[in-house]
Amino acid sequence: MGLPRDRPLAAATIAQVHDAILKDGRHVAVKVQRPDLHRIIGKDFAALSYLVALGEGLFPRLRAFDLPVIVREFANSLERETDFRHEAHSMVLIRAALADVPDFWIPDVIAEASTGKVLTMEYSAGERVDLYGKNHPEAMPKAINTLVKLMLHSIFEEGLFHADSHPGNVFVLPDGRLSLLDFGMTGELDEAMRESLTRLLEAVVNGDARATTEAYLEMAPANEQVNRAALVVDVKAVLYEIHRHSLADASIGNAFEALLRAGSENGVHNPGEFFLLTRAFIILESMIRQLSPGHDYMKSFQEEIARRKAQHFSLGRIQDKTTRLAREMERLFSDAPSDTRRILRRFAEGNLGRVQSPGMEALGDRVSNNLERLASSVAFGSLVVGGSLLLFAQMGGWHHRLGEAMVISGILGMVIRSLGAWLRNRRRP
């Protein structure tokens, strides 16, 4: 690799970015970590941890805010941020995940010229989005819609998102495409958390405090110290403040921040992913309002959510989820622990341990029949629940017809199973 130019393209606390020319002539950007960084960070976090412990000792009320957890999550995040191998990996994953998002580009990593302290990537020959917006205000609505789209796509579809999208990390290329840089701070959400997040957003929009609380606790599991009743009251107050204002003035980031605060005050241990998600929305919303103060950000957000909701209830997605459910049910029954199968066999044989009893055979039959009824109940119940989701989505067309068919099939299955059980009981002596 050729030598980087003396004057950096960008400079921050952790690293500087220089442009350079590789031996093969490629123009690249090189992110170089500052020397002795890990020792400085270690000392700073040791001092911060001491201050937190001291503060909690002097003011016990501070323990409700999970300050040690926040410090630990921040330390872990900064540790990942200072290991450029993590950033390179995140860049590769997000670049692949967002490859089909139109009007958007992420530079590729030059792996052979990168290490844990040096990250080399394709050069982004663009202009900071805030500087570009001053000269091209007419281009900002499209840029904002692209930012919203890629944010929601990366969260809900990929579960891997950029948590630091301030104007210095978003560039506009000469051809008008957006370019996202600096992947040192990223968040990850598994599928279960993404499902809970979807329910949380819907409940917040609907102003349903109980549904909001339940979805929130799915993302941040409760323990015995959580005061659920008080949490519902505080969440209700949060939702009231949100709905007092017009939708155009609403803020998802501020809503999440208020939820985090309400949860901490009532004994909830908030996961680090929720903090990063909140940070990501706050930074994104702040940048959007800076780029175009009059832009209806929530309208863009609602349109994209509606599109993803329609996609979520598409026939392909339903078939995929049904197939996965069937496989899980099959695995549940076929891969049951050997001890459980042995106990059931001994029940059927009337031989459980050293106890011999003819009555055990009948008990084994009842256990087997109950398992079969449980399996059929789960299957028919899944049809009813899945069909109800389609009906409540109010999407019309074939979605509505499919929902009705699923609900009717599930209910008929339950009725036929119940009639069969009743007839079998009538025939017994």
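Two strands pair if DSSP finds at least two bridges between them. Strands (E, at least two residues) and helices (H or I, at least four) are DSSP runs, numbered from the N terminus. The model is predicted, so local features need pLDDT of at least 70 and side-chain atom pairs count only at pLDDT 80 or more, while totals for chains, interfaces and linings use all residues. Residues are numbered from 1 along each chain as its sequence is written, and side-chain values use heavy atoms, with hydrogens and water left out.

Strand E3 covers residues 27-33. Strand E2 (residues 15-21) runs antiparallel to E3, and seven bridges join them. Within this pairing, glutamine 16 has valine 32 of E3 as its bridge partner. E2 and E3 form a hairpin with five residues between the strands, where glycine 25 adopts a positive phi near 95 degrees.

E3 also pairs with strand E5 (residues 118-122), again in the antiparallel sense, over five bridges. Here lysine 31 is placed opposite leucine 119 of E5. Five of the seven residues of E3 are buried, which leaves the strand mostly covered; buried means under 20% relative accessible area, exposed over 50%, and partly exposed in between (1.4 Å probe, protein chains only).

Next comes a helical residue. Isoleucine 144 lies in helix H5, which spans residues 140-158. Isoleucine 144 counts as buried because its relative accessibility is 0%. Apart from neighbours within four places in sequence, isoleucine 144 has contacts (heavy atoms within 4.5 Å) with Ile288, Ser292 and His295. The C-alpha atoms of isoleucine 144 and aspartate 296 are 9.9 Å apart, although 152 residues separate the two along the chain.
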